[in-house]
Amino acid sequence: RCKNLSVSYWNSYWMLPSDVCGMNCFWEAAFRYDYMKTHPSEKMHLAVVACGERLEETVTMLRSAIIFSIKPLQFHIFAEDQLHESFKDILDDFPYEGKVNYTLYPITFPTESAAEWKKLFKPCASQRLFLPLILKNVDSLLYVDTDILFLRPVDDIWSFLGKFNSTQIAAMAPEHEEPRIGWYNRFARHPYYGVTGINSGVMLMNMTRIRRKYFKNDMTPVRLQWGEILMPLLKKYKLNITWGDQDLLNIMFFHNPESLYVFPCQWNYRPDHCIYGSNCKEAEEEGIFILHGNRGVYHDDKQPTFRAVYEAIKNYSFGDDLVHSLLQPLELELRKTMHTYCGKVYKVFIKQLTKSIRDLYARRSKGR
């Protein structure tokens, strides 16, 4: 079921001036501008899978996507049946400021192996593996975990689709920047991509290419398509994988490395990037673009810096002044976390957020 929500969005495009973030940032912004200029009416498709107690977290993620994005958004929400009415009640009551559509889907796996897929790693997490087969009419898709927060427009990560070369079908960030604390390179009992593996919490996909591709593998000399390779991979490695579907994706891209585009770490910034000392240089320079609060850090006191950002976005009311109602109170809370390793670099948590707010108001002024 698809629900049309009435909101207003601005058909304008932005670039950060070179004196703010340097020439590299300038040229990347110029590329995004050109891409959005040649794809002005493109709708951005964002998918999330929510099971158990993930309703509030998912809604907060969707709120963060709406606040700054420019082009229309289509949400694909895969959720357990008992959550559908709650999602509908909340989303229908949002005072949106732009054109947003959403569709609610049940959790579905291949019939003959549904129980096995559903219990893999976390409940329903492996649903993401089947999105190219379920959303057959969607060309490209940004999948995110429920514990994601967007601190800049979705448009910017979406524009990376235009950077894919002819062999790339998906984009993800490394699991770690520092091999000394990496999990895959120290403990994995299966193949994984690159030096430290990849994290699937933020995954940009050209689904048309995924559906067409024949994948190299270590099970047969014959290349297999996406729908053919998943179950054989699970059967071969199910006793060796720890992180479920993410491990399967690592195995797949280990054998097909030419198919992956790798994001810098600020597009999937997790506690591991600061709890042992700051190790995401791109975030230090430009700020965090997408915050990933894995390990439940939004809901306990172990990483108060992450929790402060989550609470600020969750409690923000659409239409309120972003500077006085979001940014300034958040900075005060972040200053209270400076006794922690992540709190010592709290400015990376608001650096890009500050720019995003500034640019949003600039677009609004231009659109008047």
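**Figure 1. Surroundings of threonine 337.** Threonine 337 touches Pro304, Thr305, Gly343 and Lys344, leaving aside residues up to four places away in sequence; contact here means heavy atoms within 4.5 Å. This is a predicted model, in which local features need pLDDT of at least 70 and side-chain atom pairs count only at pLDDT 80 or more, while totals for chains, interfaces and linings use all residues. Residues are numbered from 1 along each chain as its sequence is written, and side-chain values use heavy atoms, with hydrogens and water left out. Threonine 337 is found in the loop between helix H13 (322-335) and helix H14 (341-344). Helices (H or I, at least four residues) and strands (E, at least two) are DSSP runs, numbered from the N terminus. Because its relative accessibility is 3%, threonine 337 counts as buried; buried means under 20% relative accessible area, exposed over 50%, and partly exposed in between (1.4 Å probe, protein chains only). A polar atom of the threonine 337 side chain lies 2.7 Å from the backbone oxygen of leucine 334.

**Figure 2. Helix H13 and its buried face.** Helix H13 has 14 residues and reaches 19 Å from its first C-alpha to its last, close to the 20 Å expected at 1.5 Å a residue; the expected span is 1.5 Å times one less than the number of residues. Its buried residues are Leu322, Leu326, Leu327, Leu330 and Leu334. Seen down the axis of H13, these residues fall within an arc of 75 degrees, so they line one face of the helix; the arc is that of the directions from the helix axis to the C-beta atoms. The buried residues of H13 pack against H2, helix H12 (304-315) and helix H15 (347-367). On the other side of H13, His324 and Leu332 are exposed.

**Figure 3. The N-terminal end of helix H13.** Aspartate 321 caps this end of H13. One of its side-chain oxygens lies 3.1 Å from the backbone nitrogen of valine 323. A polar contact is a pair of N or O atoms within 3.5 Å; within protein, one must be able to donate a hydrogen and the other to accept it, and residues adjacent in sequence count only if both atoms are side-chain atoms.

Figure 4. A disulfide is a covalent bond between the sulfur atoms of two cysteines. Here a disulfide is counted when two cysteine sulfur atoms are within 2.5 Å, and the count comes to 3 disulfides. The sulfur atoms of cysteine 51 and cysteine 124 are 2.1 Å apart. This pair links distant parts of the chain, 73 residues apart: cysteine 51 is in the loop between strand E2 (44-50) and helix H2 (55-68), and cysteine 124 is in the loop between helix H4 (114-118) and helix H5 (131-134). The torsion about their S-S bond is about -100 degrees, so the disulfide is left-handed. Both cysteine 51 and cysteine 124 are buried.

**Figure 5. The disulfide of cysteine 274 and cysteine 342.** The sulfur atoms of cysteine 274 and cysteine 342 are joined at 2.0 Å. Cysteine 274 lies in the loop between E9 and H11 and cysteine 342 in helix H14, so the pair ties together parts that are 68 residues apart in sequence. With a torsion of about 85 degrees about the S-S bond, this disulfide is right-handed. Cysteine 274 counts as buried at 0% relative accessibility, and cysteine 342 is buried with a relative accessible area of 0%.
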